[in-house]
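Student: I would like to go through this structure and ask, term by term, what each label rests on.
Tutor: Then put the questions one at a time.

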Amino acid sequence: MVFRKLPGVSASGMGLRLSQKFVFLLFLSGLVTLCFGALFFLPDSVRLKRIFLSKNENPAVTVGSDNELSKKVPGDPEHLRAGLKGGEGANVKLKVSRKPSVTHGARTVERSVGSRAQDERSPARAQEPAARDERVTSAAHNGERASAYSYEAFKKCLLKPALGKNKGTPSDSETLQRREKVKEMMKFAWDNYKRYAWGQNELRPLTRNGHIGNMFGGLRGASIVDSLDTLYIMGLMEEYEEAKEWVQNNLNLISNGEASLFEVNIRYVGGLLSAYYLTGAEIFKQKVVELGEKLLPAFNTPTGIPRGVINLGSGTSWSWGWASAGSSILAEFGTLHLEFLHLSQLSGNPLFTEKVMNIRKLLNKIEKPHGLYPNFLSPVSGNWVQHHVSIGGLGDSFYEYLIKSYLMSDKTDQEAKKMYYSAMEAIETNLVQKSPGGLTYVAEWRGGILDHKMGHLACFSGGMIGIGADDGPTEQRQHYLDLAAEITHTCHESYSRSATKLGPEAFRFDAGAEATATRLSDRYYILRPEVIESYMYMWRLTHDPKYREWGWEAVEALEKHCRVDAGFSGIRDVYASTVSHDNMQQSFFLSETLKYLYLLFSDDDLLPLEDWVFNTEAHPLPVIRKTCLQEHGNPLV
């Protein structure tokens, strides 16, 4: 071989340098091969592959068969990270709640961070939107079939008019007067929101400005969407038309922010669905189907269990940074079923139903400790992460949606029925307790050890157990109704034992305490609805007048302690005679608390329970009577 000779360099020198180059290139190519091999073959390769694969090439395993369900990521590091916590609550206190100043989690999260940070967005964040093609396909599918849904056919399948014969107007004057007071409270809250925070998510009544927050991924108008059905039910038609016009002209679904899948679903999807079913306005159907499409990429995980956070623009999803080992939360992925079945009905697209049925399929397949459902599940491996069980925060609405799925199916969903009553049996065996003073409560369970506390969020369970009583085993029906009444009584006691007659965020049954908060951090009240929700259901089921009396006590307490010059505000300590306000009028106060109070003081034919179920944000969704819908020309999905 002939080499070009360079000045000052001998032929032998040139040969030596070429050999060095050859060895260096050989070493470099080996290193590159080793690195790429590591990326694609080490145990956590699924996440790393997403960096290099195209967005249309999804490495995730979807839940479509028993074989697919059994596929796991080898050596899943989720389990290794679970051990870093040093036991539940060692360094981080997690509590699902709707505390206004915090933005993460099922009904948001309050946390106290110890020595180590938990704010990294979890290794699960790099979930690329492989379902983008799924959304496009779904949109095209919707264009063909959404128009086939007939609102008139739907109305023919209701057993009774949604608003009753006389809009639920009670016959006795005292009850009517109380209902009118609740309506006035709603108008007062709405007018101040409109004056000081219009188009933003929530009102800050003390400072008279709006709050946006970052739970909704850049979406705006949470209080507007949450209030649509409440305004309509109460006959506040001018305010309803204002809200409808805002949705039509200003609800922009083009967003690139980080949204809670759970919160967007229960507030926006639920609110738009109920507004459509109550009014027939096409704009609500168009908006809700479009928004539903944007939530689908969250399900692109190896198990089909959705992650808790999604970017509504890119479709990227990840788990909450605070969630144990990058897990998904039971109360989040378990609170989609009602809304997604209706999205399929309206859009003609079965994909929404398939997604939530896959969740149920996995839950039925995996082992439940003592028949209980822990609060944390890995979306990668499909295994439980920690054995913390609660019917309150982190778990609550999963159980609610089991019995309501059965009821919403016109009592044909036998799988949901079986899951609900099996869960109830496990809860009674392991969690339901009686205090020395005779109060029935539902404790929390941490790996076999009971924590004798009950959160305000758990107080929905009185109503839940009540509406499920009639369809339980014959010999258990009265028992369930009695249990519902006992739990509702306990939650009322948490209100009556405070100075303000409003209940704390959590109350305990240990160290001599009964139905009272023993920790300063549990003494706040943020306009929550769960206790009043149970009053409403128990009134409908029993017509015991005490439930209306208890509801009126709550109205008087709200008026005295939470009403301020420019709206309603939560308070920081229910045991203080002089209250301190938190400066937040929560959107769920308009959607849930005031709606349940209004229904409590209305006749039963206003949104009759034979025709309607309420999602966990109190948005009424109709029972799906498939045979009737098909007979009247609505295609089944």
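Student: How much space lies in the largest pocket?
Tutor: The model is a predicted one, and in it about 470 Å³ of space lies in the largest pocket. The lining has 21 residues, and the closest to the pocket centre are Leu407, Lys411, Ile467, Leu609 and Glu610.

Student: What makes a residue count as lining?
Tutor: A lining residue has an atom within 4 Å of a point of the pocket. By that rule, α15 (396–408), α17, α19 and β19 (612–614) each supply at least two residues of the lining.

Student: How many disulfides does the structure hold, and what makes cysteine 157 and cysteine 628 a disulfide?
Tutor: The structure holds two disulfides. The cut-off is a pair of cysteine sulfur atoms within 2.5 Å. The sulfur atoms of cysteine 157 and cysteine 628 are 2.1 Å apart, so the pair meets the definition of a disulfide.

Student: Why is it said that this pair ties together parts apart in sequence?
Tutor: Cysteine 157 lies in the loop between α6 (151–156) and α7 (173–197), whereas cysteine 628 lies in helix α22 (residues 626–631), so the link joins parts that are 471 residues apart in sequence. This link is left-handed, with -95° about the S-S bond.

Student: Are these two cysteines buried or exposed?
Tutor: Buried means under 20% relative accessible area. Cysteine 157 has 6% and is therefore buried. Cysteine 628 has 18%, so the label buried applies to cysteine 628 as well.

Student: What makes the disulfide of cysteine 459 and cysteine 491 left-handed?
Tutor: The S to S distance between cysteine 459 and cysteine 491 is 2.1 Å. The torsion about their S-S bond is about -95°, so this disulfide is left-handed. Cysteine 459 lies in the loop between β15 (453–455) and α17 (461–468) and cysteine 491 in helix α18 (residues 477–496), so parts that are 32 residues apart in sequence are tied together. Both cysteine 459 and cysteine 491 are buried.

Student: Which pattern do the disulfides follow?
Tutor: With bonded cysteines counted along the chain, the pattern is 1-4, 2-3.

Student: Which residues does UniProt list for "active site"?
Tutor: The unreviewed UniProt entry lists Glu263, Asp396, Glu505 and Glu530.

Student: How do you know that glutamate 263 is buried?
Tutor: The cut-off for buried is under 20%, and glutamate 263 has 0% relative accessibility, so it counts as buried. Glutamate 263 lies in helix α10 (residues 261–279). Glutamate 505 is placed in the loop between α18 and β16 (506–508). With a relative accessible area of 3%, glutamate 505 is therefore buried.

Student: What makes the pair of arginine 267 and glutamate 263 a polar contact?
Tutor: The distance limit is 3.5 Å between N or O atoms, one able to donate a hydrogen and the other to accept it. The side chain of arginine 267 makes its contact with the side chain of glutamate 263 at 2.8 Å, so the distance falls within the limit. Arginine 267 lies in helix α10. At 1% relative accessibility, arginine 267 also counts as buried.

Student: Why are β10 and β14 called edges of their sheet?
Tutor: Three strands form an open antiparallel sheet in the order β10-β13-β14. β10 (388–389) and β14 (449–451) each have a single partner strand, so one side of each has no neighbour in the sheet.

Student: How do you know that β13 and β14 pair?
Tutor: Pairing requires at least two bridges. Strand β13 (residues 444–446) and β14 have three bridges, in the antiparallel sense. Arginine 446 has isoleucine 449 in β14 as its bridge partner.

Student: Where are alanine 511 and leucine 527?
Tutor: Alanine 511 is in the loop between β16 and α19 (530–542), and leucine 527 is placed in the loop between β16 and α19. Exposed means over 50%; alanine 511 has 86% and is therefore exposed. Leucine 527 has 0%, so leucine 527 is buried.

Key
Residues numbered from 1 in each chain as written. Predicted model: local features only at pLDDT ≥ 70, side-chain atom pairs only at ≥ 80, totals over all residues. Heavy atoms only, no water. Helix = DSSP H or I, 4+ residues; strand = E, 2+ residues; numbered from the N terminus. Buried < 20%, exposed > 50% of the residue type's maximum accessible area, 1.4 Å probe, protein only. UniProt positions renumbered as here; feature names shortened; annotations may be inferred. 1 Å grid on protein atoms, 1.4 Å probe; cavity = no way out; pocket = protein on both sides within 12 Å on 5 of 7 lines; lining within 4 Å. Points joined across faces, edges and corners; volume = space filled by probe spheres on them.
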